[in-house]
Amino acid sequence: MSAVYTTDEYGRPFIIVREQDKKARTTGIEATKAHIMAAKTVANIVRTSLGPRGLDKILISPDGDITISNDGATIMSQMAIENQIGKLLVELSKSQDDEIGDGTTGIVVLAGALLEQAEELLDRGIHPIRISDGFEQACKIAVAHLDKVSDVIPWSKDNTSDLFKCAKTSLGSKIVNKCHDQFAQIAVDAILAVADLKRKDVDFELIKMEGKVGGELADTALVRGVIIDKDFSHPQMPKEVKDAKIAILTCPFEPPKPKTKHKLDISSVKEFEELQRYERDTFEKMVKQVKDCGANIVACQWGFDDEANSLLLQHQLPAIRWVGGPEIELLAIATNGRIVPRFEDLSSAKLGSAGTIREVTYGTTNENMIVVEDCANSKAVTVLVRGGNKMIVDEAKRSLHDAMCVVRNLITDNRVVYGGAAAEISCSVAVERAADQVSNIEQYAMRSFARALDAIPMALAENSGLPPIETLSHVKSEQTKLGISSLGVDCMDTGVSDMKEQFVFDPLISKRQQFLLATQLVKMILKIDDVIVHKSDEQ
C-alpha cells in the first residue's frame, strides 16, 4: 500500500492513500470457498475417467495435436489450467505419477471429495484448522487400517501369476483392454528382465518403448534387445548379420576438416585428383581400422556420403547411420560395447556383441527397422507397440508404462489391498468407528473424511452404470456384516463382489500414497485465507 504524507494550505498534516484499483483481494471463508470451488471443478473433469468403465477425454493442443486418454496425469498435465489451486491438483497427480506411476485419477477424485466435505463443515461454522486436524487424524487411522487389511502376494521369477493379475487390474481401465492378457504379460516380462531382485530396484532406462503406426494392438511384442528405427545405409547390404561384432561410433565417416573456417583453392586437374585420392585413402583407412579390430557391422551417430557408403559395401561392412543419442547409449548397454569417439581408439575390447542384427520391413510403406537380438547384456529390452493410428499407439505406451510401474511397485513391496474401492469402503468404516471414540470437534471432520472415501466407490458405480448410493450401501453393509474387507464394487457386472475372487489388486504403497498426498494438499488449501492478485495495467 503506497501512502504520501503532506500538509494542507494551513499546515495541517494529512495522508493521501492511493486507491487499491490494481489489486483484487479475497479473504477469510470466502477465499477458502473459492479455492474449494476451483479444485472441485478440476476434480469433476477426471471423475468420469475413474475405473474400468471410465470414459476417455480428447485433448487438443494449440498446435492441433490430438491426445485421447483416460490417464489422470496425462489429462491434468495437458489441460491449460489458469487457476492457482487447479494447478496444485495438477502437481498432485504429477507427484503420484512420478512416485508410483498409477492411481493418478483416484488421487484427484479423493482430493476433490475431501474439499467438498470441508465446504460443508465450513458452512456449519467449524474452523479450517480444526477440519485440517480432523482430516489428519482420520488419514492416520485409514493408513493404519490399510496395513491391517493388506495381503502379501508371493512371487518369484518362475511364479509371476500374481504380478500378472496386478498388471491386468491396472490395464482394466485403459484403451488396450482388448489385449488385456498380452499387455499384462509384456509388462511383467519387461520388468523382470531388467529388475535387480537383490536390491529390489528397476531401472526404467533399460526399457525402451518404440511405437510404429500400422498393424493392430495385438501385434505389440517384447524384443529382448534393441530396436532402432533406421535401416542399413545401402539397400544392397545384407539384411541379417549373425554373431555380430558391432563398432559403435560417434565420429563421422569423412576426411578430417579444420575446426575454423577454411577455403581450398584448386587450380589444376592434378590437384583435384590428389584431393580425390586423399579422400579415398582416408575412407579406406577408416574402413580398414574398423575391419582390423574385428567388427562386422558399424553403428554411426553421424551420416556419411555416397562414396563412403559404396566403400563400406565393397568391403562387406554393413552400416547404420544417423543413430540417435539415446539409441546409441542403449545399444552400447545392450551389447556391452563402448562408444568410440575416434577411429584411432577402436579395439576388439570395445566392440559390442549380439547374436543377430536384422532389418525388418513393416507393411506396404517399405518402412524398415533394425532389430538387435540375443545381446551380450540381456537386461536391455524394447517394447514395439503397434496400433491403427498415432493416438492409439501413444495411449498404449502410457498404459504399458502404468502397468510396468505397478509391477515395479510390487517388486519393491509385495503387499496389496483389494481394488473395486474395497479398501476405501473398509477404511471408511474404520474411520467412522474411530470417530465415535473422539470427544472433541474433530469427530465431525473425521466423519467427513469417511464420507469423502465413499466418493470413490460411488464414482466407480456411477461410471459402470450402477445406482451409486444403492451399490455403496449394499457393499458397506455386506462388509460390516460378514467382516470381509475384500468386498468391493462389481464394475464388470460379473455377479461376484469379492475382489479377491476377481483378482482385482492394488499395490499397498500406491493406495497409501493416495491417502497421504490428497490429505496433505487439502490441509494446505484449507490453511489459505487471503488471496491478493495484482492486476496488470492493461486490465
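Colleague: Why is Gln316 called exposed in this predicted model?

Modeller: Gln316 has a relative accessible area of 67%. Exposed means over 50%, so with 67% Gln316 counts as exposed.

Colleague: Where does Gln316 lie?

Modeller: Gln316 is in the loop between helix H9 and strand E14 (319-320).

Colleague: What is the phi of Gln316?

Modeller: The phi of Gln316 is near 55°, which is positive, and the residue is not glycine. Most residues other than glycine have a negative phi.

Colleague: What makes Asp243 exposed?

Modeller: The relative accessibility of Asp243 is 60%. The cut-off for exposed is over 50%, and therefore Asp243 with its 60% is exposed.

Colleague: How do you know that strand E12 pairs with strand E16?

Modeller: Strands pair if there are at least two bridges between them. E12 (residues 240-249) and E16 are joined by 6 bridges, so they pair, and they run antiparallel. In this pairing Ala244 stands opposite Ala354 of E16.

Colleague: What makes E16 and E17 a pair?

Modeller: There are 8 bridges between E16 and strand E17 (residues 367-375). At least two are needed, so these strands pair too, again antiparallel. Thr361 stands opposite Asn368 in E17.

Colleague: Why is Phe14 called partly exposed?

Modeller: Phe14 has 39% relative accessibility. Partly exposed covers values between the buried limit of 20% and the exposed limit of 50%, so Phe14 at 39% is partly exposed.

Colleague: Which surface patch includes Phe14?

Modeller: Val4, Phe14 and Ile16 form a nonpolar patch with about 270 Å² of accessible area together. Phe14 itself is in strand E2 (residues 13-17).

Colleague: Which residues gather in the patch of negative charge on the surface?

Modeller: They are Glu254, Asp281, Glu284, Asp305, Asp306 and Glu307. Helix H8 (269-292) and helix H9 (306-314) each supply at least two residues of the patch. Asp305 is in the loop between strand E13 (297-300) and H9.

Note on methods
Residues numbered from 1 in each chain as written. Predicted model: local features only at pLDDT ≥ 70, side-chain atom pairs only at ≥ 80, totals over all residues. Heavy atoms only, no water. Patch = residues over 30% accessible without salt bridge, like charges linked within 9 Å, V, L, I, M, F, W, Y side chains within 5 Å. Areas by Shrake-Rupley, 256 points an atom, 1.4 Å probe, with all protein chains shown as cover. Salt bridge = Lys/Arg side-chain N within 4 Å of Asp/Glu carboxyl O. Lys, Arg positive; Asp, Glu negative; His and termini not counted. Charge placed at Lys NZ, Arg CZ, Asp CG, Glu CD. Helix = DSSP H or I, 4+ residues; strand = E, 2+ residues; numbered from the N terminus. Buried < 20%, exposed > 50% of the residue type's maximum accessible area, 1.4 Å probe, protein only.
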